[in-house]
Amino acid sequence: MGIFGFGDDDKKVPGKALEQANEAPSGLSGMVVGVIQPLLDVGIDGKGPLPSAQAVADSARLKSGDIEGAIDRVVRTHLAAAGTGGFVTGLGGFITMPVALPANVVEFYLVATRMTAAIAALRGYDLTQPSIRTAVLLALVGADADDLIRKAGVVTPTGKLTDLAAQRLPGPALMVLNKAVAFRLVGNVGKSTFARLGRALPLAGGAVSAGLDTYMLKRIADHARKEFPLRTAGQVTAS
């Protein structure tokens with residue numbers, strides 16, 4: 001089960017997500033941080049046997065020889081990972097759904113975050129900068145990112161998420177955007193009727209889950225390619 005930020009018709013959700021991020025009680029904020037922090041710590045920085053997004057980007061560049069070829073390699077690798085993970089966690093059908101669904105959601109977004117961050121790194125963006133890390137998270141929610149950014153009062157002259165870097169947004173503003181992304185992701189878990197029906201049949205559920213994860217990750221990859229254009233020589237990203 002993958003991302004729901006692409007193609008949703010509920011245009012009120014992004015605004016609600018931003019309001020929730022601003023007004024969330026401390027306990028709920030802690031839960032949201034528990035969603036976002038692993039994406040930053042593991043999805044971007046890597047942990048244990050999982051390499052960082054920068055390491056993934058560097059390895060792909062060495063094997064491919066050019067940036068776009070390296071991006072293609074990164075995308076292919078992560079599509080395979082998403083398909084495998086979705087299939088394994090979907091095999092149990094409704095019997096294991098209470099356990100498998102949250103595990104698959106976490107796995108999917110970790111894969112999506114690392115892939116998106118690696119694409120950004122290959123295009124020349126510094127993954128240590130808070131603004132770029134927030135841009136990576138925003139790329140996970142697709143078109144909803146534009147609404148979240150606009151409602152946060154941020155102007156993006158080129159319409160790209162990387163405009164966040166030029167804004168020199170303070171830490172609290174970036175944190176609000178991070179939390180809004182988390183509310184958006186959490187709020188949409190389980191909303192896909194197609195995914196739920198597919199999981200009703202154990203073996204078919206695995207195939208549906210794998211196909212859906214792969215399809216949605218491909219859409220995120222296409223979105224990331226557009227949102228992180230190649231930085232030209234001399235172009236400076238704000239810190």
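I note here that the model is predicted.

**Entry: overall make-up**

I went through the secondary structure of the chain and found 11 helices and 0 strands. Read from the N terminus, the elements run α-α-α-α-α-α-α-α-α-α-α. The chain has 239 residues, and buried ones make up 50% of them. I then looked at contacts between residues at least 6 apart in sequence; 80% of these join residues at least 24 apart.

**Entry: helix H6**

I turned to H6, which spans residues 130-139. This helix is mostly covered, with 9 of its 10 residues buried. Among the buried residues I listed Ile-132, Val-136, Leu-137 and Leu-138, and also Arg-133. Arg-133 has a relative accessibility of 15%, and it counts as buried because the cut-off is under 20%.

I looked for the partner of Arg-133 and found a salt bridge with Asp-45, with the closest N and O atoms 2.9 Å apart. The two residues belong to distant parts of the chain, 88 residues apart: Arg-133 is in helix H6, while Asp-45 is in the loop between helix H2 (26-44) and helix H3 (53-64). Asp-45 counts as partly exposed, at 39% relative accessibility.

**Entry: other salt bridges**

I counted 5 salt bridges. Besides the one already noted, I wrote down two.

Asp-58 pairs with Arg-61, and their closest N and O atoms are 3.2 Å apart. Both residues sit in helix H3, 3 residues apart, so about one helical turn separates them. I recalled that an α-helix has 3.6 residues a turn, so residues three or four places apart point the same way. Asp-58 is partly exposed, with a relative accessible area of 32%, and Arg-61 is partly exposed too, with 30%.

Asp-72 forms a salt bridge with Arg-225, where the closest N and O atoms are 2.9 Å apart. Asp-72 lies in helix H4 (residues 67-90) and Arg-225 in helix H11 (residues 202-227), so this pair ties together parts 153 residues apart in sequence. I checked the cover of each: Asp-72 is partly exposed at 33% relative accessibility, and Arg-225 is partly exposed at 24%.

**Entry: the nonpolar core**

How many residues does the largest nonpolar core have, and which of them have the most contacts inside it? I found 56 residues, and those with the most contacts inside the core are Met-115, Leu-127, Leu-138, Val-181, Leu-217 and Phe-228. The elements that give two or more residues to this core are H2, H3, H4, helix H5 (97-122), H6, helix H7 (144-151), helix H9 (171-187) and H11. H5 supplies the largest share, 12 residues. As background, nonpolar side chains tend to be buried together in soluble globular proteins.

Leaving out residues up to four places away in sequence, Val-181 touches Ile-36, Leu-137, Leu-138, Val-141 and Leu-148. Two of these names, Leu-137 and Leu-138, I had already listed as buried in H6.

**Entry: back to H7**

Which residues of H7 are buried? I listed Asp-144, Ala-145, Asp-147, Leu-148 and Ile-149. Leu-148 was also among the residues that Val-181 touches.

Note on methods. Residues numbered from 1 in each chain as written. Predicted model: local features only at pLDDT ≥ 70, side-chain atom pairs only at ≥ 80, totals over all residues. Heavy atoms only, no water. Buried < 20%, exposed > 50% of the residue type's maximum accessible area, 1.4 Å probe, protein only. Helix = DSSP H or I, 4+ residues; strand = E, 2+ residues; numbered from the N terminus. Salt bridge = Lys/Arg side-chain N within 4 Å of Asp/Glu carboxyl O. Core = buried A, V, L, I, M, F, W, Y, C linked by side-chain atoms within 4.5 Å. Contact = heavy atoms within 4.5 Å.
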